[in-house]
Structure formats: structure tokens, C-alpha cells
Amino acid sequence: MGLPPLTTIAHQWMATHLSPGHQVVDATAGNGHDTVFLAQQVGASGHVTAFDVQAPACAATRRRCADGGVSNRVTVVHAGHETMRDHVEAPVHAAMFNLGYLPRHDHDCITQPDTTVAALNAACSLMTEGGLITVLAYRGHDGGPEEAQRIQAWLDTRVDTLRILQSHMYSSGPDAPLLWGIQVPAA
Ligand SMILES: C[S@@+](CC[C@H](N)C(=O)[O-])C[C@H]1O[C@@H](n2cnc3c(N)ncnc32)[C@H](O)[C@@H]1O
């Protein structure tokens with residue numbers, strides 16, 4: 001069996017964690033793949049709020065949700081994930097961040113360190129005990145390494161309050177993507 005890509009590992013972590021009825025956030029809707037996956041995990045009684053700053057991404061996500069028959073449990077918000085607390089109420093059971101740019105679109109529109117860290121703080125503040133955040137950061141595009149470093153610096157300030165798992169393809173060198181699983185410990 002081959003080693004799975006980090007996108008698959010993030011889905012595996014989420015699939016293990018999520019149950020029907022959970023409320024979750026897709027912090028970067030993009031083409032809606034993760035949104036539909038999350039909506040399938042939380043079932044008809046759950047809810048996904050998906051954020052994206054680009055209108056085409058929101059439209060693609062709405063379309064993919066309709067095609068997947070999960071629109072009834074998804075809200076797509078055309079706004080930055082840093083506004084999460086304006087749109088979502090606690091408790092949130094999980095949040096997914098798949099950072100970088102929208103494939104086949106404007107590579108100038110990428111997630112940014114300041115807003116990413118603001119959104120991570122917002123997600124932590126909304127998270128239920130035991131809640132899971134996954135963050136997938138790409139380091140092969142301009143600004144990617146800086147964003148990943150900023151997240152690592154933020155994680156360093158939270159090691160005493162969060163459980164943090166880091167995963168990456170070690171043999172692929174310094175530009176390889178990084179995946180973190182961040183869990184708010186149960187009391
Ligand atoms: C790698 S793509 C996401 C892929 C997506 N999860 C999927 O399943 O197709 C990253 C997305 O983040 C979006 N983005 C950039 N800045 C953002 C912000 N501040 N808040 C929310 N989304 C943002 C981009 O527009 C882009 O669509």
C-alpha cells in the first residue's frame with residue numbers, strides 16, 4: 001500500500017473524529033471537495049459552514065454541494081475565515097483549513113499569515129472540548145513557507161494548551177506540505 005497524500009490523511013483524521021449531528025467549519029471552501037466530505041460525515045442533522053473570499057470558489061462549492069445532495073446542511077459564506085465568529089456559534093466540533101490558492105484560479109489570492117492565525121484563534125475559541133482542527137499548509141508557492149513558519153510560531157505558543165500532531169513527507173524536502181492535527185484537550 002502506498003503512503004496516502006496529506007489531503008487523504010486529513011480526511012482520515014476527520015472521519016475518525018466526526019459523528020452525525022456535529023457542527024463543523026470548512027475554513028477554505030475552494031472547489032468544495034472538503035465541504036462535501038465534511039457534510040457527508042456530519043449527516044443530515046449536522047451542519048457545515050464553509051468560508052471563502054473568492055466568489056467563484058463559493059459558487060463552485062454551492063454547486064458541488066447541490067450535486068452531492070448535501071446543500072441542506074451547508075452554509076457557504078463569502079467572507080474571510082477570520083470573520084468566523086460573526087457567522088458561527090459554539091460549540092464547533094471540527095474545523096478544516098486547506099491553505100494556499102484555489103487550483104486553476106488566481107494564484108495571487110492566497111491565504112495570508114495574519115488572517116490564517118486570526119482564524120485559528122477564532123476556531124480554537126469556538127471549539128468544543130476534544131474538538132479537532134486540521135491545517136494543511138503548502139510551501140511550494142510564494143508566501144507559502146512564510147505562512148507555514150507563522151503557523152509553527154503560533155503553535156509554539158499553544159503547546160501547553162493544545163495537543164498537536166505534525167505530519168509531512170520527510171523525503172520530499174523542505175518544500176513538502178505540512179499537515180497539523182490540533183486538538184483542544186478534553187477537561
Ligand atoms: C487550497 S484552496 C481550498 C481547497 C478546498 N478546501 C477544496 O476542497 O477544494 C484555498 C482556498 O482558500 C481561499 N482563501 C484565501 N484567503 C482566504 C480567507 N481569508 N478566508 C477564507 N478562504 C480564503 C482561496 O480563495 C482558496 O479558494
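1. Thr 49 stands opposite Thr 75 in S3. Thr 49 itself is found in strand S2. Strands here are DSSP runs of E with at least two residues, helices are runs of H or I with at least four residues, and both are numbered from the N terminus. S2 and S3 run parallel and are joined by 4 bridges; two strands pair if DSSP finds at least two bridges between them. From S2 the chain crosses through H3 to S3, and this β-α-β crossover is right-handed. Right-handed means that, with the strands pointing away from the viewer, the path from the first strand over the helix to the second runs clockwise.

2. A word on the model and its numbering. This is a predicted model in which local features need pLDDT of at least 70 and side-chain atom pairs count only at pLDDT 80 or more, while totals for chains, interfaces and linings use all residues. Residues are numbered from 1 along each chain as its sequence is written, and side-chain values use heavy atoms, with hydrogens and water left out.

3. Is Thr 49 buried or exposed? Thr 49 has a relative accessible area of 5%, so it is buried. Buried means under 20% relative accessible area, exposed over 50%, and partly exposed in between (1.4 Å probe, protein chains only). Leaving aside neighbours within four places in sequence, Thr 49 is in contact (heavy atoms within 4.5 Å) with Val 24, Val 25, Asp 26, Thr 75, Val 77 and Val 88.

4. Cys 65 lies in helix H3. Cys 65 is buried, with a relative accessible area of 1%. Apart from neighbours within four places in sequence, its contacts are Thr 35, Val 36, Val 70, Ser 71 and Val 74. Cys 65 and Thr 75 are 10 residues apart along the chain, and their C-alpha atoms are separated by 9.9 Å.

5. Why is helix H2 (residues 33-42) described as largely enclosed by the rest of the structure? The reason is that 7 of its 10 residues are buried. These are Asp 34, Thr 35, Val 36, Phe 37, Leu 38, Ala 39 and Val 42. The buried residues of H2 pack against several elements, including helix H1 (6-17), strand S1 (23-26), helix H3 (55-68) and strand S4 (92-98). After H2 comes Gly 43, whose phi is positive, near 70°.

6. Which residues come nearest to the ligand? Of the 22 residues around the ligand, they are Thr 28, Asp 34, Asp 52, Gln 54 and His 81; a residue counts as near if one of its heavy atoms lies within 4 Å. A polar side-chain atom of Asp 52 lies 2.6 Å from an oxygen atom of the ligand. For Gln 54, a polar side-chain atom lies 2.9 Å from a ligand oxygen atom. The protein covers 95% of the 610 Å² of accessible area that the ligand has on its own (Shrake-Rupley method, 1.4 Å probe).

7. The peptide bond from Ala 90 to Pro 91 is cis, with omega near 5°. Most peptide bonds are trans. Pro 91 is found in the loop between helix H4 (84-87) and S4.

8. Arg 163 is found in strand S6 (residues 163-167). Arg 163 counts as exposed, at 53% relative accessibility. Arg 163 and Ala 148 are 15 residues apart in sequence and 18 Å apart in space, C-alpha to C-alpha. Beyond its neighbours within four places in sequence, Arg 163 is in contact with Gly 181, Ile 182, Gln 183 and Pro 185.

Note on methods. Polar contact = N/O pair within 3.5 Å; in protein donor to acceptor, adjacent residues only side chain to side chain.
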